Amino acid sequence: MHFSFQRCVLLFRLQLVTDRKLFGYGALALFAILISFLLYYVYRNDDGLYYDKQKEVAEMGFVLFNFIMAAWCFRSLHSRSTRLQALMLPVTAVERFAVGIFFSVVIFPIAYILVYLLSAGMAFCIDDRIFQSANRFYYFQPGPMGFDWMGFLGINATLFAIGWAASATYRRLAVPKAIATLALVFLSINVINDTCGELLLKSLPMTESMKALSEDGRLPEAIRTYSHGSFSSWSFGTVDVNNWTVRNYTVDVPAPLKWLESGFGYLVPLALLVVTVLKLREQELS
């Protein structure tokens with residue numbers, strides 16, 4: 001069976017019809033969560049719903065919502081009651097995956113933005129008219145410092161790939177297992193980064209500038225490393241005889257590790273996409 005755009009359209013319409021109530025209830029639940037969270041900050045903070053908090057809620061919510069919906073993407077294959085019916089449809093694994101991508105990349109993000117603008121708009125009006133906090137309204141526009149679109153899209157692409165692979169692989173509790181998989185990947189990356197930083201910085205010699213007395217007259221005696229949050233830079237500090245910090249420093253990560261990170265960031269999402277298609281194909285043949 002070859003790829004057919006017409007079959008994709010028919011499958012898309014079928015999912016809209018069969019899951020319309022679920023989509024409606026999900027939109028209401030998302031609205032309730034967002035407006036409750038935003039109104040909490042309106043009430044609890046003296047500055048009200050300040051701009052940075054709106055930006056944080058909108059962007060973090062967007063990323064997490066997309067990840068959860070990607071993990072939910074192939075829900076029809078998870079339940080015994082719907083699995084056989086879904087597999088009997090005259091569609092290929094690639095067509096099923098294409099429709100899932102369209103829902104995840106287009107439909108659900110648009111739905112989130114609309115629900116966010118409605119809930120945030122209501123919370124902003126309450127904050128502005130009743131509490132008179134005089135805050136700006138955030139609506140996904142670039143701020144004064146710009147916006148890292150490449151980083152934001154890269155995070156979303158990686159989470160999409162993990163969610164789709166989990167949804168196609170796990171037949172039960174796909175969303176919780178996808179969250180556990182994401183947490184495992186996140187912890188593994190940070191452990192590897194911290195271990196590399198610890199090994200390379202542990203033998204770092206103290207330069208003459210590091211050995212200089214501090215402004216309060218304390219003498220640096222040793223180097224202490226910190227935990228590191230990314231592959232972009234590592235942090236360490238000098239401490240005195242009482243193990244109190246004298247100065248803090250930041251060094252760039254070696255180029256080979258940056259290349260490793262870049263390769264990992266590009267290859268893993270592509271590999272997960274292949275895994276997703278193969279798992280969907282496997283379920284068709286099983």
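Modeller: One definition comes before the rest: on a 1 Å grid over the protein atoms alone, a cavity is a set of points where a 1.4 Å probe fits but cannot get out, and its lining residues have an atom within 4 Å of a point. Grid points are joined across faces, edges and corners, and the volume is the space filled by probe spheres set on the points. This is a predicted model, in which local features need pLDDT of at least 70, side-chain atom pairs count only at pLDDT 80 or more, and totals for chains, interfaces and linings use all residues. Residues are numbered from 1 along each chain as its sequence is written, and side-chain values use heavy atoms, with hydrogens and water left out.

Colleague: How many cavities of 30 Å³ or more does the search of the whole structure find, and what is the volume of the largest?

Modeller: The search finds 1 cavity of 30 Å³ or more. The largest cavity has a volume of about 30 Å³.

Colleague: Which residues line the largest cavity, and what makes them polar, nonpolar or charged?

Modeller: The lining consists of Gln15, Cys73, Phe74, Ser76 and Arg96. Ala, Val, Leu, Ile, Met, Phe, Trp, Tyr, Cys and Pro count as nonpolar, Asp, Glu, Lys and Arg as charged, and the others, Gly among them, as polar. On that rule the lining divides into 2 nonpolar, 2 polar and 1 charged.

Colleague: Why is Thr276 called buried?

Modeller: Buried means under 20% relative accessible area, exposed means over 50%, and partly exposed is in between, with a 1.4 Å probe and protein chains only. Thr276 has a relative accessible area of 0%, so it is buried. Its place is in helix α8, residues 255-285. Helices here are DSSP runs of H or I with at least four residues, numbered from the N terminus.

Colleague: What does Thr276 touch, leaving out residues up to four places away in sequence?

Modeller: Contact means heavy atoms within 4.5 Å. On that basis Thr276 touches Phe74, Phe97, Ala161, Trp164, Ala165 and Ala168. The side chain of Thr276 also reaches the backbone oxygen of Leu272 at 2.8 Å.

Colleague: Which residues of α6 are buried?

Modeller: Among them are Ala161, Trp164, Ala165 and Ala168, which are also contacts of Thr276. Phe152, Asn156 and Phe160 are buried in α6 too.

Colleague: How do you know that the length of α3 agrees with its residue count?

Modeller: The expected span of a helix is 1.5 Å times one less than its number of residues. The 21 residues of α3 should therefore span 30 Å, and its end C-alpha atoms are 30 Å apart, so the two agree. Helix α6, residues 149-169, has 21 residues and reaches 30 Å, close to the 30 Å expected.

Colleague: What makes α3 largely enclosed by the rest of the structure?

Modeller: 15 of its 21 residues are buried, so α3 is largely enclosed. Phe62 lies in α3, residues 51-71, and its relative accessible area of 11% makes it buried. Asn66 is also placed in α3 and at 2% counts as buried.

Colleague: Which residues are in contact with Phe62, and which does Asn66 touch?

Modeller: Leaving aside neighbours within four places in sequence, Phe62 is in contact with Pro109, Tyr112, Ile113, Phe152 and Asn156. With residues up to four places away not counted, Asn66 touches Ser104, Phe108, Pro109, Asn156 and Phe160.

Colleague: Is Leu173 buried or exposed?

Modeller: Leu173 is at 61% relative accessibility, so it counts as exposed. Its place is in the loop between α6 and α7. Gln132, at 62%, is exposed as well, and its place is in the loop between α5 and α6.

Colleague: What is the phi of Gln132, and what is the phi of Leu173?

Modeller: Phi of Gln132 is near 50°, a positive value in a residue other than glycine. Phi of Leu173 is also near 50° and positive. Most residues other than glycine have a negative phi.

Colleague: Why is Ala98 called partly exposed?

Modeller: Its relative accessibility is 29%, so Ala98 counts as partly exposed. Ala98 lies in helix α5, where it is in contact with Phe3 and Cys8, neighbours within four places left aside.

Terms used:
Helices (H or I, at least four residues) and strands (E, at least two) are DSSP runs, numbered from the N terminus. A polar contact is a pair of N or O atoms within 3.5 Å; within protein, one must be able to donate a hydrogen and the other to accept it, and residues adjacent in sequence count only if both atoms are side-chain atoms. On a 1 Å grid over the protein atoms alone, a cavity is a set of points where a 1.4 Å probe fits but cannot get out, and a pocket is an open set with protein on both sides within 12 Å along at least five of seven lines; lining residues have an atom within 4 Å of a point.
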